[in-house]
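Reader: Could you walk me through how the helices pack in this one?
Author: Gladly; here is what we will be looking at.

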Amino acid sequence: MNTFKEVHGNRGGVDHEQKTLKLDEEAIRKAASADLDDGAVTPGYGPYRDSIVKLLNDALATELVCVLRYKRHYFTADGLESPAIAEEFLQHANEESAHADKIAERIVQLGGSPNFNPDSLSERSHADYDESTDLKAMVRANLVAERIAVETYRQMIELIGDKDPTTRRLLEGVLAEEEEHADELSDWLRR
Ligand SMILES: [Fe+2]
Ligand SMILES: [Fe+2]
């Protein structure tokens, strides 16, 4: 019977007979030498890089709109429970801003260009801006936006899969925080 190496040459993979996992040495050599201007982006990202950058730019727009919505709510929250809930809005605003930074940084690492253009921000965002004046309506609008963020990140993680593990891990971290945000807001709604 042929050995794994005879069948696959230098290509990596799983040799079920020998129970070994083997790296694709040819791809590693190619990654080291080709397109050094691309920095951290190796040819393995290849065909998916542009669509990953597009997905990330839409997520960036969403995070920026969420910062603006939470800030608006933070400064205008009024009423009996407003100091505590306003603090929550501010904390979320700062966390959404940190998400935006991480996403923009990843777009640049991938050789893309982060889109901060305010003219098209709300069109590109998955979640909406909101100018509610009532505390409950604010909480509700934020909860809707968080649920949109959760579903968007969940889908992105599924789509990206093993195509770009670094981006996937980043998004998994962001998703966990969006789920926390949604939880905190639904607790407020139940009070
Ligand atoms: Fe976020
Ligand atoms: Fe969030």
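This is a predicted model: local features need pLDDT of at least 70, side-chain atom pairs count only at pLDDT 80 or more; totals for chains, interfaces and linings use all residues.

Reader: Let's start with H4; how many residues does it have, and how far does it reach?
Author: Helix H4 covers residues 82–109, which is 28 residues, and it reaches 40 Å from its first C-alpha to its last, close to the 40 Å expected at 1.5 Å a residue.

Reader: And what comes after H4?
Author: H4 is followed by Gly-111, and the phi of Gly-111 is positive, near 85°.

Reader: Which residues of H4 are buried?
Author: The buried residues of H4 are Ile-85, Ala-86, Glu-88, Phe-89, His-92, Glu-96, His-99, Ala-100, Ile-103, Ala-104, Arg-106 and Ile-107.

Reader: What do those buried residues pack against?
Author: The buried residues of H4 pack against helix H3, which spans 49–76, and also against H6 and H7.

Reader: Take H3 then: at what angle do the axes of H3 and H4 cross?
Author: The axes of H3 and H4 cross at roughly 160° and come within 8 Å. Because angles over 145 degrees count as roughly antiparallel, H3 is roughly antiparallel to H4. H3 passes H4 in a left-handed crossing, and by class the residues of that contact are 17 nonpolar, five polar and four charged.

Reader: Can we zoom in on Val-53; where is it, and is it buried or exposed?
Author: Val-53 has its place in helix H3, and it counts as buried because 21 other C-beta atoms lie within 10 Å, where the cut-off for a buried residue is 20 or more.

Reader: Which residues does Val-53 touch?
Author: Leaving aside residues up to four places away in sequence, Val-53 touches Ile-107, Leu-110 and Gly-112. Ile-107 is also among the buried residues of H4.

Reader: What about Val-53 and Ile-103, how far apart are they in space?
Author: From C-alpha to C-alpha, Val-53 and Ile-103 are 9.5 Å apart in space, while in sequence they are 50 residues apart.

Reader: Switching to H6 and H7, at what angle do they pack?
Author: Helix H6, residues 135–160, and helix H7, residues 165–190, pack at an angle of about 155°, and their axes are 9 Å apart. That angle makes H6 roughly antiparallel to H7.

Reader: And the handedness, and the residues of that contact?
Author: H6 passes H7 in a left-handed crossing, and the residues of the contact divide into 15 nonpolar, four polar and eight charged.

Terms used
Residues are numbered from 1 along each chain as its sequence is written. Chains are lettered from A and ligands numbered from 1 in the order in which they are written. Axes are lines fitted to C-alpha atoms, for helices over the stretch in contact, and angles run from 0 to 180 degrees between N-to-C directions. Helices (H or I, at least four residues) and strands (E, at least two) are DSSP runs, numbered from the N terminus. Angles under 35 degrees count as roughly parallel, over 145 as roughly antiparallel, 65 to 115 as roughly perpendicular and the rest as oblique. A crossing is left-handed if the near helix is turned anticlockwise from the far one by less than a right angle, and right-handed if clockwise. Ala, Val, Leu, Ile, Met, Phe, Trp, Tyr, Cys and Pro count as nonpolar, Asp, Glu, Lys and Arg as charged, and the others, Gly among them, as polar. The expected span of a helix is 1.5 Å times one less than its number of residues. A residue is buried if 20 or more other C-beta atoms lie within 10 Å of its own, exposed if 12 or fewer, and partly exposed in between; C-beta atoms are placed from the backbone. Two residues are in contact if their C-beta atoms, placed from the backbone, lie within 7 Å.
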